[in-house]
Amino acid sequence: MIIGFRGIMRVFLDRLYLFSGYLAGAFMLAIFVLMMLLSAGRPIGLNIPAADDFVSWCMAAMAFLGLAHTFKRGDMIRVGLLLEKLHGRKRQIAEIIALCVSAGFILYFTRHAVQMTYDSWRFNDMAQGVVAVPLWIPQLGFSGGLIILSIALIDELVSVISGNRPSYVRGSPDESPEEFVERVSQGGAG
(Lines give C-alpha, C1' and ligand atoms only; values in the text may rest on other atoms or scores of the structure.)
Protein backbone atom coordinates (compact mmCIF):
# COMPACT_ATOMS: atom_id res chain seq x y z
CA MET A 1 0.00 0.00 0.00
CA ILE A 2 2.86 2.39 0.79
CA ILE A 3 4.41 1.90 -2.66
CA GLY A 4 1.07 2.63 -4.28
CA PHE A 5 0.70 5.80 -2.22
CA ARG A 6 4.24 6.91 -3.12
CA GLY A 7 3.56 6.28 -6.77
CA ILE A 8 0.30 8.23 -6.67
CA MET A 9 1.99 11.07 -4.77
CA ARG A 10 4.87 11.15 -7.28
CA VAL A 11 2.46 11.35 -10.22
CA PHE A 12 0.42 14.06 -8.45
CA LEU A 13 3.49 16.17 -7.65
CA ASP A 14 4.98 15.81 -11.13
CA ARG A 15 1.65 16.84 -12.66
CA LEU A 16 1.39 19.76 -10.24
CA TYR A 17 4.80 21.05 -11.38
CA LEU A 18 3.89 20.49 -15.03
CA PHE A 19 0.51 22.22 -14.60
CA SER A 20 2.27 25.14 -12.93
CA GLY A 21 4.62 25.35 -15.92
CA TYR A 22 1.66 25.29 -18.32
CA LEU A 23 -0.05 28.06 -16.33
CA ALA A 24 3.14 30.13 -16.57
CA GLY A 25 3.08 29.55 -20.33
CA ALA A 26 -0.56 30.61 -20.51
CA PHE A 27 0.28 33.84 -18.70
CA MET A 28 3.16 34.41 -21.13
CA LEU A 29 0.73 33.96 -24.01
CA ALA A 30 -1.67 36.43 -22.33
CA ILE A 31 1.17 38.95 -22.08
CA PHE A 32 1.92 38.49 -25.78
CA VAL A 33 -1.73 38.92 -26.80
CA LEU A 34 -2.20 42.02 -24.63
CA MET A 35 1.02 43.61 -25.88
CA MET A 36 0.09 42.92 -29.50
CA LEU A 37 -3.38 44.38 -28.97
CA LEU A 38 -1.85 47.46 -27.39
CA SER A 39 0.71 47.86 -30.17
CA ALA A 40 -1.73 47.27 -33.01
CA GLY A 41 -4.50 49.27 -31.34
CA ARG A 42 -2.61 52.52 -30.84
CA PRO A 43 -2.55 53.56 -34.52
CA ILE A 44 -6.29 52.90 -34.89
CA GLY A 45 -7.32 54.45 -31.59
CA LEU A 46 -8.06 51.18 -29.73
CA ASN A 47 -7.35 51.53 -26.04
CA ILE A 48 -7.56 48.74 -23.50
CA PRO A 49 -8.21 50.20 -20.04
CA ALA A 50 -5.60 49.13 -17.45
CA ALA A 51 -3.83 46.88 -19.96
CA ASP A 52 -0.47 47.78 -18.42
CA ASP A 53 -1.77 46.60 -15.04
CA PHE A 54 -2.98 43.32 -16.53
CA VAL A 55 0.34 42.77 -18.30
CA SER A 56 2.30 43.37 -15.10
CA TRP A 57 0.04 41.02 -13.13
CA CYS A 58 0.41 38.37 -15.82
CA MET A 59 4.18 38.84 -15.75
CA ALA A 60 4.32 38.31 -11.97
CA ALA A 61 2.09 35.22 -12.22
CA MET A 62 4.18 33.84 -15.09
CA ALA A 63 7.45 34.34 -13.21
CA PHE A 64 6.32 32.77 -9.96
CA LEU A 65 4.22 29.93 -11.40
CA GLY A 66 7.15 28.86 -13.57
CA LEU A 67 9.61 28.52 -10.68
CA ALA A 68 8.76 24.98 -9.51
CA HIS A 69 8.69 23.51 -13.02
CA THR A 70 11.96 25.23 -13.87
CA PHE A 71 13.57 24.05 -10.62
CA LYS A 72 12.54 20.41 -10.99
CA ARG A 73 13.72 20.26 -14.61
CA GLY A 74 17.14 21.64 -13.71
CA ASP A 75 16.69 24.75 -15.84
CA MET A 76 16.99 27.19 -12.96
CA ILE A 77 20.34 28.92 -12.65
CA ARG A 78 22.33 27.39 -9.81
CA VAL A 79 25.74 28.24 -8.51
CA GLY A 80 27.38 24.87 -8.05
CA LEU A 81 31.06 25.76 -7.85
CA LEU A 82 31.46 24.13 -4.45
CA LEU A 83 29.11 21.23 -5.13
CA GLU A 84 30.90 20.33 -8.37
CA LYS A 85 34.10 19.76 -6.39
CA LEU A 86 32.43 17.32 -3.99
CA HIS A 87 31.66 13.67 -4.64
CA GLY A 88 29.77 10.84 -2.96
CA ARG A 89 28.48 11.30 0.56
CA LYS A 90 30.03 14.77 0.96
CA ARG A 91 28.16 16.01 -2.08
CA GLN A 92 24.89 14.53 -0.84
CA ILE A 93 25.30 16.26 2.53
CA ALA A 94 26.12 19.56 0.80
CA GLU A 95 23.04 19.18 -1.44
CA ILE A 96 20.89 18.52 1.64
CA ILE A 97 22.26 21.62 3.38
CA ALA A 98 21.70 23.73 0.25
CA LEU A 99 18.13 22.43 -0.08
CA CYS A 100 17.44 23.09 3.62
CA VAL A 101 18.67 26.68 3.32
CA SER A 102 16.70 27.18 0.09
CA ALA A 103 13.54 25.67 1.55
CA GLY A 104 13.91 27.83 4.67
CA PHE A 105 14.15 31.06 2.68
CA ILE A 106 11.35 30.13 0.28
CA LEU A 107 9.04 28.98 3.09
CA TYR A 108 9.63 32.29 4.88
CA PHE A 109 8.93 34.21 1.66
CA THR A 110 5.86 32.04 0.94
CA ARG A 111 4.41 32.59 4.40
CA HIS A 112 4.54 36.36 3.99
CA ALA A 113 3.24 36.26 0.39
CA VAL A 114 0.27 34.14 1.46
CA GLN A 115 -0.34 36.47 4.42
CA MET A 116 -0.28 39.49 2.09
CA THR A 117 -2.76 37.84 -0.29
CA TYR A 118 -5.02 36.85 2.60
CA ASP A 119 -4.87 40.38 4.01
CA SER A 120 -5.76 41.82 0.60
CA TRP A 121 -8.80 39.54 0.52
CA ARG A 122 -9.73 40.24 4.14
CA PHE A 123 -9.49 44.04 3.80
CA ASN A 124 -10.99 44.02 0.29
CA ASP A 125 -8.01 45.89 -1.18
CA MET A 126 -8.67 47.13 -4.70
CA ALA A 127 -6.23 48.03 -7.48
CA GLN A 128 -5.63 51.75 -7.88
CA GLY A 129 -5.75 51.65 -11.69
CA VAL A 130 -8.53 52.38 -14.15
CA VAL A 131 -10.19 49.00 -13.56
CA ALA A 132 -10.96 48.24 -9.92
CA VAL A 133 -9.80 44.67 -9.42
CA PRO A 134 -9.56 43.06 -5.99
CA LEU A 135 -5.81 42.79 -5.39
CA TRP A 136 -5.97 39.27 -4.01
CA ILE A 137 -6.87 37.97 -7.50
CA PRO A 138 -3.59 38.95 -9.22
CA GLN A 139 -1.69 38.09 -6.03
CA LEU A 140 -2.87 34.47 -6.30
CA GLY A 141 -0.33 33.77 -9.07
CA PHE A 142 2.47 35.13 -6.88
CA SER A 143 1.41 33.23 -3.75
CA GLY A 144 0.44 30.08 -5.62
CA GLY A 145 3.75 29.94 -7.44
CA LEU A 146 5.65 30.26 -4.18
CA ILE A 147 3.52 27.55 -2.53
CA ILE A 148 4.25 25.17 -5.41
CA LEU A 149 7.97 26.05 -5.29
CA SER A 150 7.97 25.33 -1.55
CA ILE A 151 6.40 21.94 -2.21
CA ALA A 152 9.00 21.25 -4.92
CA LEU A 153 11.88 22.13 -2.60
CA ILE A 154 10.55 19.93 0.20
CA ASP A 155 9.90 17.14 -2.32
CA GLU A 156 13.47 17.42 -3.58
CA LEU A 157 14.86 17.54 -0.04
CA VAL A 158 13.03 14.34 0.91
CA SER A 159 14.24 12.69 -2.29
CA VAL A 160 17.90 13.63 -1.73
CA ILE A 161 17.74 12.59 1.95
CA SER A 162 16.40 9.23 0.72
CA GLY A 163 19.62 8.81 -1.26
CA ASN A 164 18.36 9.73 -4.72
CA ARG A 165 20.22 11.97 -7.11
CA PRO A 166 18.74 15.49 -7.28
CA SER A 167 16.36 15.81 -10.21
CA TYR A 168 17.73 19.25 -11.04
CA VAL A 169 21.27 17.97 -11.67
CA ARG A 170 22.01 17.49 -15.34
CA GLY A 171 24.70 15.20 -16.65
CA SER A 172 27.04 13.06 -14.61
CA PRO A 173 28.19 14.41 -11.25
CA ASP A 174 31.75 13.50 -12.30
CA GLU A 175 31.45 15.23 -15.68
CA SER A 176 34.45 17.43 -16.55
CA PRO A 177 33.99 20.93 -18.02
CA GLU A 178 35.14 19.61 -21.40
CA GLU A 179 32.54 16.82 -21.29
CA PHE A 180 29.89 19.36 -20.33
CA VAL A 181 30.76 21.58 -23.31
CA GLU A 182 30.74 18.54 -25.61
CA ARG A 183 27.33 17.40 -24.32
CA VAL A 184 25.84 20.87 -24.75
CA SER A 185 27.31 21.23 -28.25
CA GLN A 186 25.72 17.92 -29.20
CA GLY A 187 22.30 19.28 -28.24
CA GLY A 188 22.13 18.19 -24.59
CA ALA A 189 20.69 20.74 -22.22
CA GLY A 190 23.02 22.53 -19.82
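1. Helices here are DSSP runs (H or I) of at least four residues, numbered from the N terminus, and α1 is the helix that gives the largest share of the lining of the second largest pocket, namely seven residues. The model under discussion is predicted, and the points below should be read with that in mind.

2. The second largest pocket has a volume of about 420 Å³. It is lined by 14 residues, of which Arg6, Met9, Arg10, Asp155 and Val158 are the closest to its centre. Both α1 and α6 supply at least two residues each to the lining of this pocket.

3. In general, an α-helix has 3.6 residues a turn, so residues three or four places apart point the same way.

4. Asp155, which is among the residues closest to the centre of the second largest pocket, forms a salt bridge with Lys72, the closest N and O atoms lying 3.2 Å apart. Because Lys72 lies in helix α3 and Asp155 in helix α6, this pair ties together parts that are 83 residues apart in sequence. Here both partners are buried, Lys72 with a relative accessible area of 14% and Asp155 with one of 10%.

5. Asp119 and Arg122 make a salt bridge in which the closest N and O atoms are 2.9 Å apart. They are three residues apart in helix α5 (residues 88-122), which means a separation of about one helical turn; Arg122 is partly exposed, at 45% relative accessibility. Elsewhere, salt bridges with shared partners join Arg10, Asp14, Lys72, Asp155 and Glu156 into one network. The count of salt bridges in the model comes to six.

6. Which residues of α2 are buried? They are Ala51, Val55, Cys58, Ala61 and Leu65, and because they cover an arc of only 130 degrees around the axis, they sit on the same side of α2. The helix itself, residues 51-65, has 15 residues and reaches 21 Å from its first C-alpha to its last, which is close to the 21 Å expected at 1.5 Å a residue.

7. Ser150 is found in helix α6, which runs over residues 136-161. With a relative accessible area of 5%, Ser150 is buried. Once its neighbours within four places in sequence are left aside, Ser150 is in contact with Ile106, Leu107 and Thr110.

8. Met76 is placed in the loop between α3 (67-73) and α4 (81-85), and at 27% relative accessibility it counts as partly exposed. Leaving aside neighbours within four places in sequence, the contacts of Met76 are with Leu67, Thr70 and Phe71. How far apart in space are Met76 and Tyr168, C-alpha to C-alpha? The distance between them is 8.2 Å, although Met76 and Tyr168 are 92 residues apart in sequence.

Note on methods
Residues are numbered from 1 along each chain as its sequence is written. This is a predicted model: local features need pLDDT of at least 70, side-chain atom pairs count only at pLDDT 80 or more; totals for chains, interfaces and linings use all residues. Side-chain values use heavy atoms; hydrogens and water are left out. Buried means under 20% relative accessible area, exposed over 50%, partly exposed in between (1.4 Å probe, protein chains only). Contact means heavy atoms within 4.5 Å. A salt bridge is a side-chain nitrogen of Lys or Arg within 4 Å of a carboxyl oxygen of Asp or Glu. The expected span of a helix is 1.5 Å times one less than its number of residues. The arc is that of the directions from the helix axis to the C-beta atoms. On a 1 Å grid over the protein atoms alone, a cavity is a set of points where a 1.4 Å probe fits but cannot get out, and a pocket is an open set with protein on both sides within 12 Å along at least five of seven lines; lining residues have an atom within 4 Å of a point. Grid points are joined across faces, edges and corners, and a volume is the space filled by probe spheres set on the points.
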